[in-house]
Amino acid sequence: MTRNHAPKSLAVLLRARMHPDALPSPPPQLSPTPPPPDPDTAAPPAASVRHWLHAAASATSPPPATLDSFSDGYRSLDRVGRREVLRSLATDYDVPRTRVRDLMRQYMSVASAAAAVGDGAEAEEGKEGAAAALYRMERGLREALRPRYAVFLEAMNAQPGGLKLLAVLRADLLALLGEENAPALRALDSYLKEKLVTWLSPAALTLHQITWDDPASLLEKIVAYEAVHPIRNLIDLKRRLGVGRRCFGYFHPAIPGEPLIFIEVALHKDMAASIQEVLWDEPPTPESEASCALFYSISSTQPGLSGINLGKFLLKRVIDMLRRDMPSVQIFATLSPIPGFMQWLRAKLASQIKLAETESQEGNSLEGASSTFRESILLPDEEKMIHDAIEQTHGKQGIELLQDILKTSQWVKSEKLSAALKSPLMRLCARYLASEKIRGKALDAVANFHLQNGAQHWLIWQMIERINWMADQSEKGVQQSGGIMVNYLYRLENIEEYALSYSGKGLVHCSPSLSQYLEPKDT
């Protein structure tokens with residue numbers, strides 16, 4: 001994109017955020033098996049698309065024209081129609097279980113006969129014949145256990161525009177699974193995800209540095225899909241692609257002109273402690289003086305690729321590229337949001353307040369049982385600071401006052417309240433990042449992403465370096481993480497023991513600066 005086209009592009013870029021792809025989700029509806037379209041009668045759109053699905057899924061080699069008709073028809077459907085087609089795909093073209101049962105009976109019969117064969121030359125020949133028959137039947141079983149939609153999905157992937165259609169299809173499938181957790185739908189999602197992981201292997205992806213000179217259509221997508229720190233205007237976009245900044249995307253040849261995922265990088269002298277410092281430093285650090293590459297945003301453009309971790313491969317490739325092109329950069333770190341922190345804290349406060357109310361109403365009869373779940377959210381000094389910061393407490397406890405304060409983001413505008421909340425929120429945030437787990441891994445989704453990146457690559461291991469107070473003062477930043485952001489530090493060393501400690505034991509490594517907020521049981 002040349003500078004002469006910039007005024008025209010501005011309107012195009014800013015319109016990108018005005019057209020979300022998602023549609024509201026209506027309740028699921030059942031539909032009958034579709035008949036073929038009657039040439040004299042206009043078929044319902046979903047029934048017509050199901051006819052093309054049947055024609056493609058029933059063919060050994062689906063004709064390209066049939067796949068195109070299905071693709072165009074599916075895209076034209078509303079959500080109700082799409083869900084009708086997805087249910088048909090999952091149930092009508094699943095594993096042919098009747099055939100599998102017949103083959104298993106035959107297999108067990110041959111296997112039993114082979115086991116009953118005695119000794120001798122003739123017996124040996126019989127065993128060899130039985131073994132050959134078993135191998136043939138095992139191949140037949142493996143083929144029969146493939147769902148009938150497998151050929152359709154693979155043919156669609158090979159079709160121009162097919163990979164994009166499959167990403168759209170899986171996004172719709174994930175939305176449907178959120179409301180209708182049927183086994184057939186889960187099996188379809190699992191199979192499609194497995195195939196997408198193969199089709200989107202790093203070897204099939206191209207790394208491209210996105211710059212101001214790229215086509216307006218590409219820059220429009222960067223504006224539309226930026227998920228962490230929204231791009232406010234063309235000046236903001238230009239800064240993120242200018243001096244002291246980098247933006248890299250992973251592209252697939254089957255989806256040209258659109259990154260599957262992209263990451264934004266700021267080049268600084270030191271590790272930044274706030275997003276304001278990253279987005280609005282004026283002037284930016286001269287690149288020749290930069291020693292830190294700070295990853296401050298990573299965004300996926302395809303909801304249908306959820307659960308397919310392209311980010312870890314992108315991050316590794318970008319680090320390798322920066323190390324090669326900028327030897328002066330020795331520090332690789334992130335400035336990351338903590339999107340689950342305030343939700344976790346509000347739930348923790350609500351549960352403790354409820355336990356206290358139960359104890360108060362029922363006296364000491366449940367004291368032993370409830371005390372097992374009771375914990376001191378606030379330290380005595382922290383509770384006193386919160387009481388001192390509020391003129392009228394109405395006899396409420398510290399955790400009740402904290403719950404009231406955190407219902408809105410207005411507290412950040414009060415120096416007194418902000419000062420009172422800094423100590424408890426920083427301490428609780430450190431506990432949330434370092435100690436709160438789900439299935440043995442970090443409860444916070446962003447923390448788990450970065451920490452498991454270290455576990456995936458033995459040349460990189462990851463630790464929580466620092467948490468930063470009032471690092472994101474936007475409404476979203478305050479509501480989700482109390483304005484706190486975290487620096488994850490990537491260590492480019494061969495320390496396999498540390499890397500595996502998270503994947504194997506869920507151990508989170510923290511720097512001494514973070515350990516000051518943690519109690520001994522949290523470290």
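The legends below describe several close-up views of a predicted model.

Local features are described only where pLDDT is at least 70, and side-chain atom pairs count only at pLDDT 80 or more, whereas totals for chains, interfaces and linings use all residues. Residues are numbered from 1 along each chain as its sequence is written, and side-chain values use heavy atoms, with hydrogens and water left out.

**View 1. The whole protein.** The protein has 22 helices and nine strands, where helices (H or I, at least four residues) and strands (E, at least two) are DSSP runs numbered from the N terminus. Of its 523 residues, 47% count as buried; buried means under 20% relative accessible area, exposed means over 50%, and partly exposed lies in between, with a 1.4 Å probe and protein chains only. Among the contacts with a separation of 6 or more, 73% come from residues 24 or more positions apart, a contact being heavy atoms within 4.5 Å.

**View 2. Strand β3 and its two partners.** All eight of the eight residues of β3 (residues 261-268) are buried, so the strand is largely enclosed by the rest of the structure. Ile 261, Ile 263, Val 265 and Leu 267 point one way from β3, while Phe 262, Glu 264, Ala 266 and His 268 point the other way. Strands β2 and β3 pair in the antiparallel sense over six bridges, two strands being paired if DSSP finds at least two bridges between them, and Phe 248 stands opposite Ile 263 in β3. Strand β4 (residues 292-300) runs antiparallel to β3 and is joined to it by eight bridges, with Glu 264 opposite Ser 297 in β4.

View 3. Val 243 lies in the loop between α11 (234-240) and β2 (245-251), and its relative accessible area of 55% makes it exposed. Leaving aside neighbours within four places in sequence, Val 243 is in contact with Pro 284 and Glu 287. The C-alpha atoms of Val 243 and Pro 286 are separated by 7.5 Å, although these residues are 43 residues apart along the chain.

**View 4. Helix α2 and what covers it.** Helix α2 (residues 45-57) has 13 residues and reaches 18 Å from its first C-alpha to its last, close to the 18 Å expected at 1.5 Å a residue; the expected span is 1.5 Å times one less than the number of residues. Its buried residues are Ala 46, Ala 47, Val 49, Arg 50, Leu 53, Ala 56 and Ala 57. The elements covering these buried residues include α3 (64-76), α4 (79-92) and α7 (149-158).

**View 5. The buried face of helix α10.** In α10 (residues 216-225), Leu 218, Leu 219, Ile 222 and Val 223 are buried. Seen down the axis of α10, the buried residues fall within an arc of 145 degrees, so they line one face of the helix; the arc is that of the directions from the helix axis to the C-beta atoms. An α-helix has 3.6 residues a turn, so residues three or four places apart point the same way.

**View 6. Two nonpolar cores.** A nonpolar core is a set of buried Ala, Val, Leu, Ile, Met, Phe, Trp, Tyr and Cys residues joined through side-chain atoms within 4.5 Å. Of the 63 residues in the largest core, Phe 70, Tyr 74, Phe 152, Leu 153, Phe 295, Val 318 and Leu 322 touch the most other members. Helix α8 (residues 162-177) gives the most to this core, with nine residues. A second, separate core of 39 residues includes Phe 341, Met 342, Ile 405 and Tyr 432.

**View 7. Ser 481 in helix α20.** Ser 481 is found in α20 (residues 475-481) and is buried, with a relative accessible area of 3%.

**View 8. Two loop residues with positive phi.** Most residues other than glycine have a negative phi. His 394, in the loop between α16 (380-389) and α17 (398-405), has a positive phi near 55 degrees and is exposed, with a relative accessible area of 66%. Met 470, in the loop between β8 (461-468) and α20, has a positive phi of about 50 degrees, but counts as buried at 12% relative accessibility.
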